[in-house]
Amino acid sequence: MRVSELTSIGLGGGLAAEGATDPGGWDPGWLRGLLHKHGVLVLHSTALDDEGFLALGRLIGELEEVTPAEDRVPGYAQVRLQSNVPGLGLRADLAGGFWHSDESPATLLRVVEVPAQGGETGFADMRAAWRGLPAGDRAKLRNMHGWWPWRQLYALGVKERGERDEVLDTLTDEVRPLVRRTVTGEEALHLSKLWLVQVRELDQTASKELLASLYAHATSDTYTYTHTWQAGDVLIWDNEAVMHRAMPVAEGCRKVTHRITVRYPVNSS
């Protein structure tokens, strides 16, 4: 299968998968290798249904069940329904409209309804952004940690972004390093616009300034790829290597996607 480079920094690999319905015969090692190399894979013009989508997910790792159950695609415990439509699955335009990485090692997303305008998905290569920092800044950041008050933020009203009360019991406030290692051993910045609220080694003002600088750097045009959805597109991304965000959908347009997350051994520290 032909693979094309989507950016000059190696972020994003495009796979010509026109009409593909059953990926069961694809080589899992080859596919995972491409994923970890490019951070994001774009399978163009597939004809995958949810059965084929699940088969693709199994090539990457072990499928995770969707919680809460009401967000599941009927009949598929591992496929999440999400959209920008109130009452139709998770409101992904709200819950995912900021730069972040999912907690699962990898995410797969299949478009069901393509919006007529807007609704792109943006990606930032956190490995390339890390390499692009001055050596002195990298040396300092390796010794810094972020405060991720998952439970505290949710309790203060994060559910307005599309989460539900059942999620609260699964959350724990955490301290995490600002730099982590990916499954390939590469270093990458570890950030989240919503969940990472302060650098523990700095006061509030200095922390805010540093984080603003890092986000501006990591999400600049130099380190990002924006995917415009077409019918049949399927995306796979490595959550240790990239951040992503859902771009707004134009007023009056619908965007519906199905999502799978998978797990496999990781290297993060």
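Which residues does His217 touch, not counting residues up to four places away in sequence? Keep that one in mind; the tour ends there.

**Before you click**

You're looking at a predicted model, where local features need pLDDT of at least 70, side-chain atom pairs count only at pLDDT 80 or more, and totals for chains, interfaces and linings use all residues. Residues are numbered from 1 along each chain as its sequence is written, and side-chain values use heavy atoms, with hydrogens and water left out.

**Stop 1: the whole chain**

Show the protein chain as a cartoon and you'll find 7 helices and 18 strands. These are DSSP runs numbered from the N terminus: helices are H or I with at least four residues, strands are E with at least two. The C-alpha atoms fill a box of roughly 50 × 40 × 35 Å along the principal axes. For 269 residues, a compact globule would have a radius of gyration near 18 Å, and the protein chain agrees, with 18 Å. (That radius is taken over C-alpha atoms, and the globule rule is 2.2 Å times the number of residues to the power 0.38.)

Now colour by burial. Of the 269 residues, 53% count as buried, meaning under 20% relative accessible area, while exposed is over 50% and partly exposed is in between (1.4 Å probe, protein chains only). Contacts, meaning heavy atoms within 4.5 Å, are worth a look too: among those between residues at least 6 apart in sequence, 78% join residues at least 24 apart.

**Stop 2: helix H1**

Select residues 28-38, which make up H1. Leu31, Leu34, Leu35, His36 and His38 are buried here. Zoom in on the start of H1, where a side-chain oxygen of Asp27 reaches to within 3.2 Å of the backbone nitrogen of Gly29. That's a polar contact (a pair of N or O atoms within 3.5 Å; within protein, one must be able to donate a hydrogen and the other to accept it, and residues adjacent in sequence count only if both atoms are side-chain atoms). After H1 comes Gly39, with a positive phi near 80 degrees.

**Stop 3: Ser45 and helix H2**

Move along to Ser45, in the loop between strand S3 (40-44) and H2. Its phi is positive, near 60 degrees, and the residue isn't a glycine. Most residues other than glycine have a negative phi, and most peptide bonds are trans. Ser45 counts as partly exposed because its relative accessibility is 34%.

Next, select residues 50-60 for H2, a mostly covered helix with 9 of its 11 residues buried. Among them are Phe53, Leu54, Leu56 and Ile60. At the start of H2, look for a side-chain oxygen of Asp49 within 3.2 Å of the backbone nitrogen of Glu51.

**Stop 4: a cis bond**

Go to the peptide bond from Thr67 to Pro68: it is cis, with omega near -5 degrees. You'll find Pro68 in the loop between strand S4 (62-63) and strand S5 (72-73).

**Stop 5: Ala95**

Pick Ala95 in helix H3 (residues 92-95). With 16% relative accessibility, Ala95 counts as buried.

**Last stop: His217**

Finally, select helix H7 (residues 204-218) and pick out His217. His217 counts as buried because its relative accessibility is 18%. And its partners? Leaving aside residues up to four places away in sequence, His217 touches Ala129, Gly132, Leu133 and Tyr223.
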